Amino acid sequence: MKYMLVIYEAPSDVARREGEAAKAYWEGWKAYGAALREAGVLVGGAALQPIATATTLRLKDGKRQVQDGPYAETKDEFAGFYTLEVESVDQALEWAAKCPALAKGAVEVRPVIVMS
Amino acid sequence: MNEDARRAIEDAARVSQRRLIAFLSSRCRDLSRCEDALGDAFQEAVEQWPETGVPASPEAWLLTVARRRLIDRTRRADTEHQAEAELLAAWDEAAAMSATAELPDERIKLLFVCAHPAIAPEMHTPLMLQVVLGLDAARIASAFLLAPTTMGQRLVRTKLKIRDAGIPFEVPGPESLAERLEAVLSAIYAAYGAGREIVDADDQRSDLRVEALSLAQLCAALLPAEPEAWGLLSLLLYCEAREPARRTADGGYVRLSEQDTALWSEPLLHQAEAALREASRARRFGRFSFEAAIQSVHAQRRLTGVTDWAALALLYGALMRVAPTIGAGVAQAGAVLEAHGAAAALPFLDAFEPSDVVSYQPYWAVRANVLERSGRTADARAAYERALGLSSDAAARAHLAERLARLR
């Protein structure tokens, strides 16, 4: 089955992307990605720029509304995702447990709909 | 309907139904659909067996029909073909079983599905009662004080999650077995507890105790190498043995150390002791094994006439190391008080976080007792008053009021 790991990163972790801690921060993610690849479970994924860069679009009374910022402000921010191919939710949870964002944030595990 | 056919169908419904569900659902993962398909198979049995006679292996017959219905339903729903392939594999397996061979008992897998960490903990017990024991939603709802439709909807939603989230129908590997089993056993314990919270014998919840006991028996039988499975079985058997002595005729609660031992069930106590011996075989003690051992010390009172409080203090200490709870901590302080005196017991009570015990009645009852025996009369009075105000049981209130009156 395919699962998406939806990564919610704590603001203090997002802050580590630049400056002194940046090297350690990115190495953590690189190692995690490499482990997923080596295990042959990685299907895809993406890392996102901080929410400050987000723009949200809505349609109101048929008119396009463009708003600076994310869809919803949350304590931890939606920072990226991985798609995995594994046998069961247990294996997906096992991989989620190793995700660097988990220390301070959260990882949501969701099955992916497979279109036939 | 002819008598043989009726009896065969009843036997199959009682004995085979849940095993068939376990067998089918561990292969197609869709519990609701398996239950519907097996329901169809039973309906066909009711229609055909009186005409054609009871098949040589009713279980194999039901499995064949249920499998066919399942494939029909799967086709109709037009979902993944993978499920169908798995079904066909299940069919081959079933065909390979000789007509007399027993269906493998895979209900243990269902227990692990029901108590999976991806399922909300409050649904673990209701799911087990329905999926593993076949209780209907209305009965489960009454046990959990919910409207039948609400419980029904929650069960349906949870079964959909099991199917769509890909929760595996398997016994976890050794690396996570102990942890996952704990959730299974806790859910069974919760079912027993729900069955206990009643005074009225007509209440449907009382048979919940029996159902919980049967689940504990199933766990021990199917995972005989797991000490905690035996520990829970032993614990529940001890509780069940003492059930007739737990309340007075007018429904008042009787404390364990004051129960009339003549009312305890000797056969159940023997079974409990045997299960505890199995639990201690592996020399690996967990929460339920310690709780069963605590019960066994209390049970000894029927032979010795006294309660061995020193042994209880040690066992509660051990329980607190593996599974610290406020209840166990307060019980530990109570045992230390009886075994070693008030001065030894007070530090255990003082160690609690005040916010944890602010409205926990047993804490204040034990604390009052400790303070009274330390000669701190004014403090003891305040603690008794506090315990009295937090009591929900008439017998406990009367007991505390009497103690309080003595201090005035």
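B:Cys28 counts as buried at 12% relative accessibility, where buried means under 20% relative accessible area, exposed over 50% and partly exposed in between, using a 1.4 Å probe and protein chains only. This is a predicted model, so local features need pLDDT of at least 70, side-chain atom pairs count only at pLDDT 80 or more, and totals for chains, interfaces and linings use all residues. Residues are numbered from 1 along each chain as its sequence is written, chains are lettered from A and ligands numbered from 1 in the order written, and side-chain values use heavy atoms, leaving out hydrogens and water.

Now for the sulfurs. There are 0 disulfides over all chains, a disulfide being a pair of cysteine sulfur atoms within 2.5 Å. Both cysteines below sit too far from their closest cysteine sulfur for a bond.

| Cysteine | Closest cysteine sulfur | Distance | Relative accessible area |
|---|---|---|---|
| B:Cys28 | B:Cys34 | 3.2 Å | 12% |
| B:Cys219 | B:Cys114 | 11 Å | 0% |

B:Cys219 is also touched by B:Val184, along with B:Leu111, B:Phe112, B:Ala115 and B:Met128, not counting residues up to four places away in sequence; contact means heavy atoms within 4.5 Å. B:Val184 is one of the residues touching the most other members of the largest nonpolar core, which has 107 residues. Such a core is a set of buried Ala, Val, Leu, Ile, Met, Phe, Trp, Tyr and Cys residues joined through side-chain atoms within 4.5 Å. Apart from it lies another core of 36 residues, including B:Tyr316 and B:Val370.

Finally, helix H16 (residues 342-350) of chain B has B:Ala342, B:Ala345, B:Leu346 and B:Leu349 buried. They line one face of the helix, because they fall within an arc of 110° seen down its axis. These buried residues pack against helices H15 (326-340) and H18 (361-373) of chain B. Helices here are DSSP runs (H or I, at least four residues), numbered from the N terminus, and the arc is that of the directions from the helix axis to the C-beta atoms.

Technical notes. Helices (H or I, at least four residues) and strands (E, at least two) are DSSP runs, numbered from the N terminus.
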